Amino acid sequence: MAATAPVTRTLRFDVFELNVRAGELRKRGAKLHLRGQPLQVLAILVERAGDVVTREELQSQIWPADTFVDFDHSIHNAVARIREVLGDSVEKPRYIETLPRRGYRYIGPVEDSQTLRLGTETDDHTSQPVTLVTPPKRKTNLVLVLGALFTLGLVAWTTTWHYLHARAAVPPIHSLAVLPLDNLSGDPSEEFFADGMTDQLITDLARVGSLRVISRTSVMRYKGAKKGLPEIARELNVDAIVEGSVIRSGQRVRVTAQLLQAPTDQHLWAETYDRDLDDILKLQGEVADAIAQQVRAQLTPNQQSQLRLAHVVNPAAYDDYLRGRLYFTNEFTKPDSLRKAKRYFEDAIQKDPNFALAYAGLADTYVFLAYAGALQKDLAYRSAKNALSKALQLDDSIGEAHDTLGVLSSFFDWDWETADREFNRAIALAPSYSCAHEDRAIFLALVGRRAEALAEIAKIDQVDYGFSAAHTESVTYYELRDYPSLIDSSRRALLFDPKDWFQHFTLGVGYEGTGKLQEAIAEYQKAIETSGGSQDPTVALAHAYAAVGKKAEAEKILRDLETNSKATASPYTVATIYAGLGENDKALESLEKARSEKSFQILSLKSDLLFDTLRTDPRFQNLLRRMSLN
């Protein structure tokens, strides 16, 4: 029998060189990132190029001390990592072939078709080729065959028993967080694609009713963080973590995802997906579906069809959609960013007129441009309604579109029944979609359904720990006149953005509502400063001055506003000025005008401290009844 090298040092295959002793893999001299168990697995497979290496052999050589469940998931993850680094795929393997229930085989080229050069390093750092000779075939007989079959059967039975026993021992997973996917392209301009893919994977998983999925705004702060997964899981209060990477080249995209049990950092599942960019929506659904299956989530037939049925999309249109969505999600209070988002969504629609998600995104930008005062309300309403109609015509299962339709029905149209139905529909389609819970919480507070509004706040607190959730809580507690809770939520929001004038304003309202007038005055002044002189906190400051006995200062502020802002102030703001001056008839006249315009501000009429002196007036109560807010 020919001798073989006792310890393999260097393996050369295709354009790669693997130095086992140094633990390095290089491609045309460039060092690649492969370490630990994946590197050991690759070395064994390449050493035995063309042969099937069984899972049992790999386990005995690399994971001898681990339990079977650790091995089962670790080997899957290791092979997925190898494929990612080599640029290989499951569907069309060039290097690593999977033989189901048996093992793996290296099928790529080696340095010589007959001789695999295994360098044994010498003192002068040179390598000597060692010829591997295939052992001669042995004669077989019936006894050996039967014995082998019995052994294989016993191994299969034992493997199955251990697998089922170990799976049963894994604690159930009811909640998870998707950490930002790594951009492996090496091109910083591709970060938007990785972030957008993260966002869409979260959106898809939010459809799984039996899972609590943490919102995008909560997980993005961990982008590039060096914290361990168990620590992140504790901070997010989840049972499992999904992490992975994305890289695209030309018209192909590869996504690698892995699922880890949070408290132990134990690998539960990993897979690599290699697809054409046209099938990107299908790829995302496949990943979400696979994760749902791994955590044994209970999927309804409707949820299964949502995840598995995806439309082909123009890759350039998808790029525009992701860019628009990121502008909208990250800076939804800034008119300039909203306009950029709007242009990207319009470009996506122009490139792919059948892209339903782009229409839904466009509708969102119209709504928030109106909120920001950057687009006339009636125009925004019509434009958003048209975009939503097209989105739902193309795909009625988009939870985001139903949520936006609920927003239009409530805050624009005052159609409370339709709004309630659409918010419920959005949540049924995407139970962990935080925006739908946030919009519904504000709606419920607005129409006086206090217990239900607080229940929605409790749900939001389970999936979103970011600014958006804190902002929603502030608005909800403001509408409910729950001033202690308003103070807490406003303070939390200011931790995210200390210069947010609206949160200084609501904090001031919370202080004033609890009788802390000096603190209220200080917050109103900060709101005026950070907003550049907004009229709302200015009127509130005058109200607080009057309450502490500074009536002259209060009246001067209000008279100046009356003189200087007649052309620019909304009817509702004018009404607050007249209410502060004690001119109730003029205040009610302005409120009637605000009602006829269906202004956003007048929806807070029932809660606004500035109108407390008018609450006993029958005309005021009649106004609330006509708005169905009484």
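**View 1. The largest cavity of the predicted model holds about 50 Å³ of space.** A cavity here is a set of points on a 1 Å grid over the protein atoms alone where a 1.4 Å probe fits but cannot get out. Its volume is the space filled by probe spheres set on the points, which are joined across faces, edges and corners. The structure has 2 cavities of 30 Å³ or more. This is a predicted model: local features need pLDDT of at least 70, side-chain atom pairs count only at pLDDT 80 or more, and totals for chains, interfaces and linings use all residues. Numbering runs from 1 along each chain as its sequence is written, and side-chain values use heavy atoms, with hydrogens and water left out.

**View 2. Lining of the largest cavity.** Lining residues have an atom within 4 Å of a point. Here they are Leu181, Met197, Leu201, Val255, Ala257, Leu283, Gln284 and Val287. Two or more come from each of helix 5 (191-205), strand 14 (252-261) and helix 8 (280-294). Helix 8 gives the most, 3 residues. Helices (H or I, at least four residues) and strands (E, at least two) are DSSP runs, numbered from the N terminus. The lining has 7 nonpolar residues, 1 polar and no charged. Nonpolar means Ala, Val, Leu, Ile, Met, Phe, Trp, Tyr, Cys and Pro; charged means Asp, Glu, Lys and Arg; the others, Gly among them, are polar.

**View 3. The second largest cavity has a volume of about 40 Å³.** Asn183, Ser185, Glu190, Phe193, Ala194, Val246, Ile247 and Arg248 line this cavity. Helix 5 and strand 13 (240-249) each give two or more of them. Strand 13 gives the most, with 3 residues. The lining divides into 4 nonpolar, 2 polar and 2 charged residues.

Conventions:
1 Å grid on protein atoms, 1.4 Å probe; cavity = no way out; pocket = protein on both sides within 12 Å on 5 of 7 lines; lining within 4 Å.
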